[in-house]
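Thanks for coming. Please have the sequence and the coordinates open.

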Amino acid sequence: MAEIVLETKGLTKYYGAQPALDHLDLRIPRGCICGFLGRNGAGKTTAIKMMLGLLEPTAGSASLLGCDSTDLTPAIRQRIGYVTEGHRLFRWMTIARLEKFQQAFFPEQWDEKFFADMIEYFELSKKQKIKHLSNGQRAQVSLALALAPNPELLIMDDPTLGLDAVIRRQFLEGMIELITRQGRTVLFSSHILADVERVADRIVVIDKGVLRADCSLEQFRASVRKVVLYFDDSVPADVELEGLLHCRRSERQLELTLVGVDEAEVAAWAKRAGTERYDFVEMNLEDQFIEFTAPPHRRRLFQWEEARP
Amino acid sequence: MGAMALWMQISSGSETPIYLQLVEQISSAIAKGELRTGDKLPAVRVLAAELVINPNTVARAYTILEQSGLVTTKTGSGTYVSDPKLRHADAAEINLLAERMDTLITRAVNLGLDRGALTALFEKRLERFAGRLDKGKAENG
Amino acid sequence: MRFVALLRKELRESLPWLLLAGLLLLAVGTLALRAHVPNTGVRYWQYRRGMAPGETIDTWRLLSPAKLDLPALWLSFIAPGLGLVLGVRHFWVPLFTRTWAFLLHRSVSRLTILGAKLGAMVLAFVLSVGIIWTGLYWYACRPGLFPIAEPVYVLVNGWFYIVMGMVVYLGTALSALSTTRWYTSRIFGLVFALLATLMLLSLWRPVWLLAMTALVLAMLLAQTTSAFLSREF
């Protein structure tokens, strides 16, 4: 079993009476890329900020590289890269000055050539000031700053938010580049499921502050499934299947979104419900995520209302 | 083998998981003869970096290919396309193939193709793999 | 090394304000010294040019000795003003630019980060208004230039204003670091600094003044440090 580099135990944060994060338990082993997913306001940034000791947990604890987050020592911080939300850097600095500033905090491990190469690859000049850069360029600088010290653990808070496809791909390349070095670990939150699917081998899904899934990407992909059952006359009223997320029905069809239910169980239930005809519908990760985190559909958001007589 | 990844196309956001896309594309390349016996597959890390996907995903695809006998891994050297004589198509694999054919036949039926037309179409598509199929026959016979 | 990097950053961010305050005081001081308007209404250059041959500077002894009065008055506004601006720059602006997270994830303790800010603030005061005020005093006391040397208390008085500037800085920092609402306790830091300054200005016994100034500074420093170390960003 690989060493655990990021651990949270019952990590909880309340703002007033509202829990922003409710008992998050995570154990991220060394060497994985972990995609941290959740809708806006699900508590991702709150969790990340508590991991980095910027917010105080209301209850529970987090630790990075074995060191409690509320008391991260300089030596531990030096081994952790953190890309902040929105890539906020000191606006008045030039890239060169920012490099010098960052370098001072990673004296032994700063890879000068790597940084220079990245800046050149991004077609930036070290003389440019941060305030004159576009959002995307600032993100590129932020990525280079985080990767150049070769961190053991890289935590990125929604690094690709609002960026174009090319720069998003560069972030993914950066993560892959880092992870192919021995013993590196990445945790990144994101809204872009396709990005997560490409690079993550593990996903953590939180919804309204509650941990909903923590598994390998393959496991998630294999366990959230949609099945359509066809009935000859009427659709049964109740669906007694554990792991049922959503259920939509039409006159002679029943569409079920299931989690962690294997085909044999579906077949067995279908037989009891009076049909043998069913199809599994392939879903991509985004559809799976939406089905997994969307509230149960009681009524459609957009529904044509027939004029009542 | 750096050129190998050139014809590989990974699409994220697809219904097919990425490791399966890899398995399918490499299998198909072997079937079409684009990859020949003894060819070396790119190292896991190299392919991961080139396709911008997680190395574990590549490793998983290689493991599946190895289990189905299409490739063999020599420790400390790399992964190679294996000799067809050593490949074993087990019953489960063949079963899976048959199920996939069902899907295609369903579509053909819905399109209104009759048996003759479907067989003709099948034969026509088979031509693409002629080299490999016939060679396989010759070797087996 | 790390502390120096932080200090450089904070100083560089303070630079425009430091220069502005320094230049303002320098301008007022120069004007006051060079174009001194004494009670007689005779201007400095008239006074120099108007000296008859053989006349000595003693003739002009009756001119007002308080040549630094006007600059001192200005300094009593410039120093707290600089304190306010630096407090805003060091503790408030990062809230708006959202750079706290980037700054706090440094391989140093939080105390070091605060120390760099305070160090930069003290340096900013010393390097601008401090040096210039001392320079003005020194210039005004040069023998032979003016009839009467300025008394030392003028110098000390100016430095007292500078320390008041630091009090205002700490009060601003405290208000910036507070997470409560303005109309509740957030305003406390600024109000405390203001009242403390007024209180200190009204003291005239040196011992009391010294003791109370030390007390006010110690209280503000302790509050700011504990607020900074425990604040959520």
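In which strand of chain A is F188(A) found? The answer is β8, residues 185-190 of chain A. Before I go further, note that this is a predicted model, and everything I quote is computed from it.

Staying with that phenylalanine: is F188(A) buried or exposed? F188(A) has 26 C-beta neighbours inside 10 Å, and the threshold for burial is 20 or more, so F188(A) counts as buried. If we set aside the neighbours within four places in sequence, the contacts of F188(A) are G35(A), F36(A), M156(A) and P159(A). There is also a distance to L26(A), which is 162 residues away from F188(A) along the chain. The C-alpha atoms of that pair are 14 Å apart.

Strand β1, residues 4-15, and strand β2, residues 18-29, run antiparallel and are joined by 8 bridges. One pair to look at on screen is I4(A), whose bridge partner in β2(A) is P29(A). Between the two strands of this hairpin there are 2 residues, and G16(A) has a positive phi near 65°.

That glycine brings me to backbone angles. As background, most residues other than glycine have a negative phi. Which residues of chain A go against that? I will mention two.

How many other C-beta atoms lie within 10 Å of N150(A)? The count is 16, which makes N150(A) partly exposed.

The other item is K208(A), again not a glycine, with a positive phi of about 50°. With 17 other C-beta atoms within 10 Å, K208(A) is partly exposed.

Now chain A as a whole. Chain A has 309 residues, of which 43% count as buried. Its secondary structure consists of 10 helices and 14 strands. The C-alpha trace of chain A spans about 75 × 40 × 40 Å along its principal axes. If we take the contacts in chain A with a separation of 6 or more, 69% of them are between residues 24 or more positions apart.

Next, the contact between chain A and chain B. How many residues does each chain bring? Chain A gives 21 and chain B gives 16. On the chain A side, α6 (165-179), α7 (193-199), α8 (217-223) and α10 (285-293) each provide at least two residues. The largest share of that side, 6 residues, is from α6(A). Sorted by class, the side of chain A that touches chain B holds 9 nonpolar, 2 polar and 10 charged residues.

Chain A also touches chain C. Here 19 residues of chain A are in contact with 17 residues of chain C. Which helices of chain C each supply at least two residues to its side? They are α1 (2-34) and α4 (100-104). The chain C side of this contact divides into 7 nonpolar, 5 polar and 5 charged residues.

That leaves chain C itself. Chain C comes to 9 helices and 0 strands. Of its 233 residues, 35% count as buried. Among contacts in chain C with a separation of 6 or more, residues 24 or more positions apart account for 79%.

One helix pair in chain C to finish. The axes of α5(C), residues 110-140, and α9(C), residues 206-230, come within 10 Å of each other and cross at roughly 135°. The two helices are therefore oblique to each other. Is the crossing of α5(C) and α9(C) left-handed or right-handed? The crossing is right-handed. From α5(C), the contact is made by R110(C), L111(C) and L114(C), and from α9(C) by T225(C), F228(C) and L229(C). By class, that contact has 4 nonpolar, 1 polar and 1 charged residues.

That is the end of the talk.

Key: Residues numbered from 1 in each chain as written. Chains lettered and ligands numbered in written order. Predicted model: local features only at pLDDT ≥ 70, side-chain atom pairs only at ≥ 80, totals over all residues. Axes fitted to C-alpha atoms, helices over the stretch in contact; angles between N-to-C directions. Helix = DSSP H or I, 4+ residues; strand = E, 2+ residues; numbered from the N terminus. Parallel < 35°, antiparallel > 145°, perpendicular 65-115°, else oblique. Left-handed = near helix turned anticlockwise from the far one by under 90°. Contact = placed C-beta atoms within 7 Å. Nonpolar A, V, L, I, M, F, W, Y, C, P; charged D, E, K, R; others polar. Buried ≥ 20, exposed ≤ 12 C-beta atoms within 10 Å, placed from the backbone. Pairing = 2+ DSSP bridges.
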